[in-house]
Amino acid sequence: MSINETTAGFSQGERKEIPAGLWCKCQSCGEVIYIRAMQANLNVCPACGYYTPLTAWERIHQLTDHTKKGFTEIDETLTSLDPLNFANNSSYLAKLRESQQKTGLREAVITGKAWLDGHRFGLAVMDFRFMGASMGAVVGEKITRVIEWATRRELPMVIVTASGGARMQEGALSLMQMAKTAGAVERHDEEGLPLIIILTHPTTGGVTASFASLGDVILSEPQALVGFAGPRVVEQTTRQKLPENFQRAEYLLQHGFIDAIVERKDLRSTLSGLLKTFHR
């Protein structure tokens with residue numbers, strides 16, 4: 001077939017449009033990538049290795065059996081209110097509604113009963129798209145309830161973290177969730193039951209300072225930012241130059257805060273192995 005035949009029907013200079021939704025651009029290197037190739041690589045850029053964040057449901061799909069009983073959500077109807085009447089001075093309720101419409105979630109964490117390779121466990125997955133996965137009263141309550149559910153049934157607990165910290169619109173009620181979740185973890189530990197934490201980018205603030213740092217095993221994805229205050233705040237407060245890679249997963253592994261850095265492609269098998277190790 002000649003070139004003229006293959007281009008028949010197109011005027012000179014006319015460009016054939018590429019259908020929308022077939023390509024995406026890496027947030028780090030800017031490389032244009034075929035979406036199916038990106039998804040097959042678990043949303044890790046094949047060009048530069050950048051870890052594009054996963055939604056909570058994508059993470060649940062990655063870490064549970066692909067069967068009807070693989071994951072059953074609990075407490076899905078819990079929704080934040082405005083306990084401090086913040087709506088008079090801000091758009092807190094409007095922001096909640098906006099996040100709910102944007103993400104299809106009611107809150108910044110999904111909790112439920114999970115199975116992976118024959119092992120049952122409690123699972124909580126935070127979603128940074130929902131108000132930066134800030135921890136308000138409902139986030140803390142849902143995490144506490146699913147930990148208590150796992151404790152009563154003598155099951156392991158797995159939490160995938162991502163958060164910008166406390167939800168300032170709920171004031172002290174938000175900060176109270178640090179103690180409440182930590183208390184649930186302590187009761188879980190007293191029963192000799194394991195807590196596995198999977199840190200993803202970013203995990204900061206009150207989440208880091210409470211349940212995220214209390215795991216029996218703490219895993220992290222590569223290059224995840226994990227800390228209480230951000231590096232810029234720490235540098236300005238201490239007036240000292242911070243070490244290279246400060247608060248990144250690799251730095252934390254070197255200093256003993258986390259147990260292992262696991263690439264996303266290996267996370268499912270690693271979790272399965274841990275659940276088998278802890279199986280009663």
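Two strands are taken to pair if DSSP finds at least two bridges between them. Strands (E, at least two residues) and helices (H or I, at least four) are DSSP runs, numbered from the N terminus. By these criteria, strand S7 and strand S8 (residues 217–220) run parallel and are joined by four bridges. Within this pairing, Leu199 stands opposite Ser220 of S8.

The structure is a predicted model, in which local features need pLDDT of at least 70 and side-chain atom pairs count only at pLDDT 80 or more, whereas totals for chains, interfaces and linings use all residues. Residues are numbered from 1 along each chain as its sequence is written, and side-chain values use heavy atoms, with hydrogens and water left out.

The sheet to which S7 and S8 belong is open and consists of seven strands in the order S3-S4-S5-S6-S7-S8-S9, with mixed pairing. Strand S3 (71–74) and strand S9 (260–261) each have a single partner strand and stand at the edges, so one side of each lacks a neighbour in the sheet. The pairing of S3 with strand S4 (residues 109–116) is antiparallel and comprises four bridges; here Phe71 has Ala114 of S4 as its bridge partner.

S6 (residues 157–163) is in turn joined to S7 by six bridges, the two strands running parallel. Met157 also takes part in this second pairing, with Leu195 of S7 as its bridge partner.

S5, helix H5 (residues 137–152) and S6 make a right-handed β-α-β unit; a crossover is called right-handed if, with the strands pointing away from the viewer, the path from the first strand over the helix to the second runs clockwise. A β-α-β unit of right-handed sense is likewise made by S6, helix H6 (residues 171–190) and S7.

Seven of the seven residues of S6 are buried, so the strand is largely enclosed by the rest of the structure. In a regular strand the side chains alternate between the two faces of the sheet. Both faces of S6 are covered, with Met157, Ile159, Thr161 and Ser163 buried on one side and Val158, Val160 and Ala162 buried on the other. S7 (residues 195–203) is also mostly covered, eight of its nine residues being buried.

The whole structure contains 11 of them. In one, the side chains of Glu221 and Arg59 meet at 2.8 Å, N to O. This pair links distant parts of the chain, since Glu221 is in the loop between S8 and helix H8 (231–238) and Arg59 is in helix H3 (residues 56–63), 162 residues apart. Glu221 is buried at 3% relative accessible area, and Arg59 is buried at 4%.

Glu221 forms a further salt bridge with Arg264, in which the closest N and O atoms are 2.9 Å apart. Because Arg264 lies in helix H10 (residues 264–278) and Glu221 in the loop between S8 and H8, the pair ties together parts that are 43 residues apart in sequence. Arg264 is buried too, with a relative accessibility of 2%.

Lys265 forms a salt bridge with Asp266, with 3.2 Å between the closest N and O atoms. Lys265 is exposed at 57% relative accessible area, whereas Asp266 is partly exposed at 30%. Elsewhere, salt bridges that share partners join Asp75, Glu141, Arg145 and Lys180 into one network.

Conventions:
Buried < 20%, exposed > 50% of the residue type's maximum accessible area, 1.4 Å probe, protein only. Salt bridge = Lys/Arg side-chain N within 4 Å of Asp/Glu carboxyl O.
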